[in-house]
Amino acid sequence: MTTIDPWGAVKIDNYSKLFDEFGISRFDELLVKIKNPHRYMRRNVIFGHRSYESVLDAMLSGKPFAAMSGFMPSGQVHLGHKMVMEEIIWHQQQGGDAFLAIADMEAHSVRGKSWKECDTLGKDYILSAFALGFEPGEHGHIYFQSKSAQVKDLSFELGIKTNFSELSAIYGFNGETNIAHMVSAVTQSADILQPQLKEFGGPKPVVIPVGADQDPHIRLTRGLADKMNMFHVFPGPPRHPNFKGMINIYSKSPTSDTMKTENEFNILKNRLLQEKIVSKAGIKFDDTEDSMNCYTGHIEIACIKSSPEELLPKVQESTRAVALELGGYAFMPPASTYHKFMTGLYGGKMSSSVPDSFIGLTEEPQAGAKKVMHAMTGGRVTLQEQQKLGGEPEKCSVYELLLFHLVDDDNELVEVYKDCEGGTRVCGNCKKYAAGLMEEFLRCHQKKRELAKEKLAGLGF
Ligand code: TRP
Ligand code: SF4
């Protein structure tokens, strides 16, 4: 089995494995439903997702949703971070709440960065997020992990439901792993679930846009969301020929003593609970009266007039509301999208530990342009050969820069691709063009960063 390691440097060249082995769904199937798809969506840079439908449905029906991501302040902000920031910002512009965590606890414990460095580097990330369009305020939350009591409290709670075996299976932790590293793993899950707390108007669909190597975090957190919840709702087969199906509600969480012990009082309590759930879900009593069965361990709703598919979302929603009323958790599993990685400018992986492999957002514009001029292309050895055989844009890091960052117009990009393949575009000119765009982008971005300093000061970090 393939393992993907978020802290390592594994290159994922076979994305299709992710669909088959890890249960990630294809993103392109959702594209028709999205109103103003982001460039990465249109261009298949975002290629996969987990339960993104939940976010999309909320977006389309004007219901609350959020997007969140975290950045480890361990090096320079670069084009890879820009990708994630853009994805968060796009969701904010579609009406969602945006959350941005500076993962200073992780940088401190895993990368050995001092708190001072975390502070300085973290602010650099924030300035770029502002420059790219992140709007702080009621719908835009930015925080340092170490300064968020809420995230730290939640991570402690999540720690109750996380054990060492699970972490070592996911991350390869062993007896040598320091405890703070493990804490930073549950802290990241707390980052992801925080937008769903009552304080932020949760529960609600939240998407975490990540690179595919971050999927283990997502799986851990989806599992945790479920384990934390007071109630678990799932459909089952009909228990009577007149029924279309059943919806079962179990309570497994030790945070709740509801539905636990076998006595009349509890059955009565469960009956009240059930009535509450059913009435909140807007299910008419006569839909269900034959079958409002209450047991000591669970309650069930028989679907007589409606199908379980029809009732399930309503029951899930009302069960969540009841859990919240009772002081329990009611998280939805966080959704995720997965984007492809950019290759390094000289081939290989783009990595913050290899400064020449990436372009930093705070780099001198001219130096950035120069890197483009020296980047690896998909060109042939000689000009003659290039004209005869055409270039190979799919192997070209310059083309990738145009695709990921520098060209907004899809038609223009198609032209570049065709001309390159057809041999009419030569690398020298093409690189000059891309270098010019890069210089322009960096200059403009850095100007916006300057202007954003006021916003940063306003946050009072
Ligand atoms: N672990 C991520 C990294 O290595 C940073 C991170 C912290 C994060 N909290 C998060 C990412 C929440 C996504 C969601 O960069
Ligand atoms: Fe890359 Fe441009 Fe050369 Fe094609 S012409 S290989 S896109 S640099």
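The shell around ligand 1 in this predicted model splits into five nonpolar, five polar and two charged residues, with Ala, Val, Leu, Ile, Met, Phe, Trp, Tyr, Cys and Pro taken as nonpolar, Asp, Glu, Lys and Arg as charged, and the others, Gly among them, as polar. Among the residues around ligand 1 are Met68, Ser69, Gly70, Ala103, Glu106, Gln188 and Asp191 (a heavy atom within 4 Å). Strand S3 (66-71) and helix H9 (179-193) each put in at least two residues; both are DSSP runs numbered from the N terminus (helices H or I, at least four residues; strands E, at least two).

On its own, ligand 1 exposes 370 Å², and the protein buries 90% of that (Shrake-Rupley, 1.4 Å probe).

Ligand 2 takes up the space of the largest cavity, a cavity being a set of points on a 1 Å grid over the protein atoms alone where a 1.4 Å probe fits but cannot get out; sitting there takes more than half of the ligand's atoms within 2 Å of the grid points. Its shell has seven nonpolar, three polar and one charged residues, including Cys396, Cys420, Cys427 and Cys430 as well as Arg425. Helix H16 (397-406) and helix H18 (427-459) each supply at least two of the residues.

Local features need pLDDT of at least 70 and side-chain atom pairs 80 or more, while totals for chains, interfaces and linings use all residues. Residues are numbered from 1 along each chain as written, chains are lettered from A and ligands numbered from 1 in written order, and side-chain values use heavy atoms, leaving out hydrogens and water.

Terms used. 1 Å grid on protein atoms, 1.4 Å probe; cavity = no way out; pocket = protein on both sides within 12 Å on 5 of 7 lines; lining within 4 Å.
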